[in-house]
Amino acid sequence: MRRSVRLGMGVAAAAFVLCGPARAQQARYAEGGYGGGLIEYLVTGSAGGSGAGRGWPQRATPQQRVAAYSGELVPVEPEPSQAYGQAYGQSYGAPQTYGAPPAAAYGSPPADPGRIGRAVSPEYQRQEVAFAGRQKPGTIVIDTAGKHLYLVQAGQRALRYGIGVGRPGFAWSGLKTVSRKAEWPDWTPPAEMLARRPDLPRHMAGGPENPLGARALYLGSSLYRIHGTNEPNTIGQSVSSGCIRMMNDDVIDLYERVPVGTRVEVL
């Protein structure tokens, strides 16, 4: 009996001695101090602590879902520095102007593409050129095929202007003289034109909206004129009913240079 009691007490003492370190270790683990390394990986699945960076496997993260490709191509966005330069109209290497940015930066509507498209080609800008014709200085020569008007100068030179001419069926050629000149002329469409375009006004006072523009040079007793236009996009084209159109700045320049009686040759 006494032997059994002693044996039981010995087993209990041994269990206490052996389980003490385990309880302390469990308490340490409960506080989060696993010490890192293999032990911490086995307990938590992460190397953590001092075991970080030793190559222990890490817990996998959930795979992200990627939306299916729609087939729509998205333009490449510029780098921030490029976007800034584009927004303020600057190019790299060019001097920058400091001050208020352009109005477009504040959300104003962009430039009308139609207005950009209406810019007159350099070919039709007023310029002095060589002239090989036999006409005397002061003569107006109209090249309807090339859409140019020449005011002959001395020394085989000429001032060349861009013009708009008669559309197919309304082109003509011949000799005329400037019979009259008018500033901001009124417009009274002839009966032939009204028959084709009954929507036109019977009379229109001179002004910026008038299709004859800023000046008109009347050609003899005909219905034809050299005149300005409020449609500069028609310069270099065959669009009129036979009249010769010029940009307003150009017809004003020509108006000041030629007198009544000037010879006009239409080729």
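**Entry 1**

I started with Asp250, which at 3% relative accessibility counts as buried. I am working from a predicted model throughout. I then asked which side chain Asp250 meets in a salt bridge. The partner is Arg126, with 2.5 Å from N to O. I placed both ends: Asp250 is in helix H7 (residues 248-257), while Arg126 is in the loop between helix H5 (113-117) and S1, so this pair links distant parts of the chain, 124 residues apart.

**Entry 2: other salt bridges**

How many salt bridges does a search of the whole structure find? I wrote down seven. Side chains of opposite charge can pair when their charged atoms come close.

One of them joins Glu128 and Arg157, at 3.2 Å from N to O. Glu128 lies in strand S1 and Arg157 in strand S4 (residues 157-162), so this bridge ties together parts 29 residues apart in sequence. I checked cover as well: Glu128 counts as partly exposed at 48% relative accessibility, and Arg157 counts as partly exposed at 31%.

Another brings together the side chains of Arg245 and Glu231, with 3.3 Å from N to O. Arg245 sits in strand S10 (residues 244-245) and Glu231 in the loop between S8 and strand S9 (238-240), 14 residues apart. Here Arg245 is the buried end, with a relative accessible area of 15%. Glu231, at 36% relative accessibility, counts as partly exposed.

**Entry 3: aromatic rings**

Next I turned to the rings. A pair of aromatic rings is described by the distance of the centres and the angle of the planes. My count came to two aromatic pairs.

In the pair Phe131 and Tyr150, the ring centres are 5.6 Å apart and the planes are at 45°, so I logged this pair as tilted. Phe131 is in the loop between strand S1 (127-130) and strand S2 (140-143), and Tyr150 is in strand S3 (residues 148-153), 19 residues apart. Are these two buried or exposed? Both Phe131 and Tyr150 are buried.

Why did I log Trp172 and Tyr224 as stacked? Their planes are at 10°, with the ring centres 4.5 Å apart, and planes under 30 degrees apart count as stacked. Trp172 lies in the loop between strand S5 (165-166) and strand S6 (174-183), and Tyr224 in the loop between strand S7 (215-219) and strand S8 (225-227), so the pair ties together parts 52 residues apart in sequence. Trp172 counts as buried at 16% relative accessibility, whereas Tyr224 counts as partly exposed at 25%.

**Entry 4: charges over rings**

I found Arg167 with its charged end over the ring of Phe170, 4.3 Å from the ring centre. The charged end of Arg180 sits over the ring of Tyr218, 3.9 Å from the centre.

**Entry 5: nonpolar cores**

In soluble globular proteins, nonpolar side chains tend to be buried together. The largest nonpolar core here has 21 residues. Those with the most contacts inside this core are Ile140, Ile142, Leu149, Leu217, Ile226, Met246 and Leu254. S2, S3, S4, S7, H7 and strand S11 (263-266) each supply at least two of its residues. Which element gives the most to this core? My note says H7, with three residues.

Leaving aside neighbours within four places in sequence, its contacts include Ile140, Ile142, Leu159, Ile226, Met246 and Leu254. Another core, of six residues, lies apart from the largest one; among its members are Phe131, Val141, Tyr150 and Val152. That brought me back to the tilted ring pair of Phe131 and Tyr150.

**Entry 6: the whole chain**

I closed with totals. The protein chain has seven helices and eleven strands. Of its 267 residues, 28% count as buried. Among contacts with a separation of 6 or more, residues 24 or more positions apart account for 55%. The chain exposes about 18000 Å², and carbon and sulfur atoms supply 56% of that area.

Terms used: Residues numbered from 1 in each chain as written. Predicted model: local features only at pLDDT ≥ 70, side-chain atom pairs only at ≥ 80, totals over all residues. Heavy atoms only, no water. Phe/Tyr/Trp six-rings, centres within 6.5 Å; stacked < 30°, edge-to-face > 60°. Helix = DSSP H or I, 4+ residues; strand = E, 2+ residues; numbered from the N terminus. Buried < 20%, exposed > 50% of the residue type's maximum accessible area, 1.4 Å probe, protein only. Lys NZ or Arg CZ within 6 Å of the ring centre and 35° of its normal. Salt bridge = Lys/Arg side-chain N within 4 Å of Asp/Glu carboxyl O. Core = buried A, V, L, I, M, F, W, Y, C linked by side-chain atoms within 4.5 Å. Contact = heavy atoms within 4.5 Å. Areas by Shrake-Rupley, 256 points an atom, 1.4 Å probe, with all protein chains shown as cover.
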